[in-house]
Amino acid sequence: MRKGQVNVFFLLLFLSLSSASDQKWRKAMMSAYNGSSSSSSMMMNRVGSSILFPIHGNVYPTGYYNVTINIGHPPKPYFLDFDTGSDLTWLQCNAPCVHCIEAPHPLYQPSNDLVACRHPLCAALHPPDYKCESPDQCDYEVEYADGGSSLGVLVRDVFSLNYTNGVRLSPRLALGCGYDQIPGTSYHPLDGILGLGRGKSSIVSQLQSQGLVRNVVGHCLSGRGGGFLFFGDGLYDSSHVTWTSMSQEFTKYYSPGSAELHFGGKATGIKNLIVIFDSGSSYTYLNSQAYQALTLLLKKELSGRSLKEAPEDQTLPLCWKGRKPFRSVHDAKKYFKTSLALAFANSGRRKTQFELHPEAYLIISNKGNVCLGILNGTQVGLQNLNVIGDISMQDRMVVYDNEKQVIGWSPANCDHLPRFKSAYYM
């Protein structure tokens, strides 16, 4: 991540809004926000703006991407793993903490603004027949595919956010005060999770319900590390995006439904793969049948070439070594010339394809070997789910439009913050 570019951008944005007339305009806009809910809806329509966050991290060797969110009064920074595969945002919390794990910042000190058990946001985190043992508070427990979990209580607190046009807002949003955490196998030392799923409790859903932003989430992950995350629909041109419908059957996730695996431009016959997009997963996962078929096809393609399997390299399950160490995926592309694709069947007669070029399924280990960044999901407890993870979403903008119930993607330079489609609406 080029941190200097991000800092300079925000400095210039602030300076561009520092004239007397702009300060007057900003004050009027904040007055609209602090008024009624109808005023805040009017503000969203007038502003037509998005909320933008710089991203830090990489697929390998760090193993995750994260954003910084300022929460509380006064606001304090927290590093959160942004996760489109789950809804609840939570921080490790001093309530007091029964079991917390290593984190970059001091534990969150919870507000005393508890969410009641029968509140719709609490209900969204529980099955329909759940019982309220403590009516005045909402207890929660979330579990993740890697075995990690968080147990806590739901509170409301101030989130300090900035529109891309310079307007600042401080909504009160619900988050989890997690006082008992169990680390999963893919544990990373972060302060918590930023839940961006399709449910009512996700941060972007809460912002939309307050009339502050449209219910759209997008991210752009750089293959060189870093990138950006955004809420709202003001940072992309939809006509340049490939869209596919969200499944109405698998509504818990951002899923286009079932797909067929293609290899080298041809169908493999591996069909009915239930696919989800999950920014909380560093790698891509296929079920056992698809994984075995893919690895056989790759090994067949590589036979006769000067690559040998490297079982001694435990970076990922399947690695190969060349005559000399690889420095980048670009060096390995002369061996891996075939592109993969997942063809989604729910977009009418014409199947929409999510293509995976070598950069979207390979990494170079610290030993200089090339490793397959597509793993066997059945072995890690994903059952029949197939996950498009961060490695396969690098260097393209991925958009989850909950308003229109579509998922989209387009090639992008994720090293630079985007030009705003609508920087000012007066």
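Leu221 has Gly227 as its bridge partner in strand E11. Helices (H or I, at least four residues) and strands (E, at least two) are DSSP runs numbered from the N terminus, and two strands pair if DSSP finds at least two bridges between them. This is a predicted model, in which local features need pLDDT of at least 70 and side-chain atom pairs count only at pLDDT 80 or more, while totals for chains, interfaces and linings use all residues. Residues are numbered from 1 along each chain as its sequence is written, and side-chain values use heavy atoms, leaving out hydrogens and water.

Strand E10 (residues 216-221) runs antiparallel to E11, joined by 5 bridges. The two form a hairpin with 5 residues between them, and Gly225 in the turn has a positive phi of about 105°. E11 also pairs with strand E1 (residues 51-58), in the antiparallel sense over 5 bridges; here Phe231 of E11 is the bridge partner of Ile51.

Strand E11 (residues 227-231) is largely enclosed by the rest of the structure, because 5 of its 5 residues are buried. Buried means under 20% relative accessible area, exposed over 50%, and partly exposed in between (1.4 Å probe, protein chains only). Gly227, Leu229 and Phe231 point one way from E11, and Phe228 and Phe230 point the other way.

The largest nonpolar core has 90 residues, and Leu194, Leu229, Phe231, Phe277 and Phe336 have the most contacts inside it. Domain 1 (51-231) and domain 2 (238-411) both contribute residues, so this core lies between them; the domain bounds come from an automatic or database domain assignment. A nonpolar core is a set of buried Ala, Val, Leu, Ile, Met, Phe, Trp, Tyr and Cys residues joined through side-chain atoms within 4.5 Å.

The whole structure holds 14 aromatic pairs. Rings of Phe, Tyr and Trp (its six-membered ring) pair if their centres lie within 6.5 Å; planes under 30 degrees apart count as stacked, over 60 as edge-to-face and the rest as tilted.

| Pair | Type | Centre to centre | Between planes |
|---|---|---|---|
| Phe277 and Tyr400 | edge-to-face | 6.4 Å | 80° |
| Phe277 and Trp409 | stacked | 6.0 Å | 25° |

Phe277 lies in strand E15 (residues 273-277) and Trp409 in strand E26 (residues 406-411), 132 residues apart. Phe277 counts as buried at 1% relative accessibility, Tyr400 is buried at 0%, and Trp409 is buried at 5%. Ring pairs link Tyr254, Phe277, Phe344, Phe354, Tyr400 and Trp409 into a cluster.
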